[in-house]
Amino acid sequence: MGNNNPLKTSGAFEMLAAGAGVGRDMLAADRTGKLEFTHQFGLNNSTRALGPQIFFLGQAVRRLHDETDSARDFLRGFSHIRRDLKRMHKSFPVSRSGRFAHGLAAEAGQFTESISFDWRLWKQDVLGSKAHATMLQKIGLLTRSELRAILAALAAIAKDIEASKFRWRVELEDVHMNIEAELTRRVPAGAKLHTGRSRNDQVALDMRLWLRDETTALVTEVRSLQRALVRLGESNRDVVIPGYTHLQRAQPIYFAHHLLAYVEMLARDQQRLQESVARLNVCPLGSGALAGSTLPLQRELVAELLGFVDPRGRPQVTQNSMDAVSDRDFAVEFCSIASLIAVHLSRLAEDLVLWASSEFNFVQIADAYATGSSLMPQKKNPDVAELVRAKSARVIGNLVALLTLLKGLPMSYNRDLQEDKQPLFDTADTVRATVRISAAMLENTKVNRQACWVAASDPALLATDLADYLVCQGLPFRQAHRAVGTLVALAERLGKQLNRLTPAELQSVEKKLTADALSVFDLNKALARRKLIGAPGTGEVKKQLARWRKRLD
Ligand code: ARG
């Protein structure tokens, strides 16, 4: 990554943020995804793994409740949620204050809440609030001491969340209102934080911040996978296999050349990710609900604080408030790039599945990355590769879900947009896990050199080389192609290999085919002859391996 890399803007932000008192601990998004919502309720390990969403759906909770003892224990920890939901019709979160005579019906609360999944945005939400508060003080809408109190309380809240001590309240709908409500409970000035801000621009901000970190992290993972491919290629640099078209043996290639094809695909993916950050890295805050604000907000200051700057350090802010609150192009773009990565990995996985079969027997996937059959004791199945292949389906599904969600939405913000999160989160998680496991699997894959050599030694793979030989003897290529085709048919009829035809048999087809023509069938020489840029020749593959090793260092 060069100096101009927009992915590096967070570095600039760290400096600015330090000056503005925005905590460094908040700078990095939760990259592990390990902090699960259930964890927030202080649950034990066995229940933590069950995942957050289901517990808000009454049906699922009941089913689970009936099923296991541990689930029963677990639900005790959730009692407050059921209480909270019951209380809902009497309670008034800030978004309903004044205007509403009644609270939300419990089932409407369950149906509309997003806290069960958008809690993941908590770091970004706190970070955005710190920047917004810093700006509010600058324009005189918060006093210095109010700002200090807000920043300290936000930091304390973040700490509680991290330590699983924060109590998320479903009646507060989402991560934004949960954090704001708790802030206001702790410091009265919290009631001023939402000045000039709407959840509509807030959520757009949080999503962009979250995705910026995710994209950066994915770029790193993709590079690790590229490294694994290059390493496997390098440690088998002399291994030759048949290259295939139509899944039929075509021409010999180095095994490393095949792997480097994926390194190239992943390089384009990585470039796409990096380029997408330039469009993503624009600050929507200050767009309000849809129409900005009458207050003299300093949008560019907030943008700078949050690292929304171009490579030259100039703040980037959205230029149309309605677009800013309803735009989810960045999510679609990420899901689209992620789909392509998933498709590339799916192809790689399919190659591995084929190579690991007895029919090919080119590779052996380590036991640690293979599974057995519950019935057939002899089986060793490439399940990890198969699931890598399969994961592309849901990643593509998520992309289609997002596009469908946006299609036909009237301007500007609509609650539909809340449904952007699960597909986006799931895509980021799935693709990251897929990239990571693919790298691990490759690191633990052995090449069966002997089987590769046997497959690559089929002289028919060099039929084109023989045609090229005839071209060098002055024969037009079409004539050469036909002559060699006739030879292949003859060899087949005689039940011998192409390089075993006698001089007389060669001559019977084409006079220019003298005995020395058979020298084209020397595999090593044949590979050395492939000197074009991008060809699977000995020198060229060596060069490409070295190029990638250097680029990936
Ligand atoms: N949870 C909402 C979402 O994810 C936040 C914005 C809600 N805005 C509103 N006007 N209801 O989109």
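**A short tour**

Show the surface first: the chain has an accessible area of about 26100 Å², and carbon and sulfur atoms make up 54% of it (Shrake-Rupley method, 1.4 Å probe; for residues, only the protein chains shown count as cover). You are looking at a predicted model, where local features need pLDDT of at least 70 and side-chain atom pairs count only at pLDDT 80 or more, while totals for chains, interfaces and linings use all residues. Numbering starts from 1 along each chain as its sequence is written, and side-chain values use heavy atoms, without hydrogens and water.

Switch to cartoon to find 23 helices and four strands (DSSP runs numbered from the N terminus: H or I of at least four residues for helices, E of at least two for strands).

Now select the ligand together with S114, D118, D174, H176, R199, N200, V203, Y413, R415, Q418 and K421, the residues around it (a heavy atom within 4 Å). Colour domain 2 (115-192) and domain 3 (199-235 + 254-451): both give residues to this shell, so the ligand lies between them (bounds from an automatic or database domain assignment). Helix α11 (residues 199-234) contributes the most, with three residues.

Next, pick D174, with a side-chain N or O atom 3.0 Å from a ligand nitrogen. Finish at S114, where the corresponding distance to a ligand nitrogen is 3.3 Å. Taken alone, the ligand exposes 340 Å², and the protein buries 87% of that.

Definitions and conventions: A polar contact is a pair of N or O atoms within 3.5 Å; within protein, one must be able to donate a hydrogen and the other to accept it, and residues adjacent in sequence count only if both atoms are side-chain atoms.
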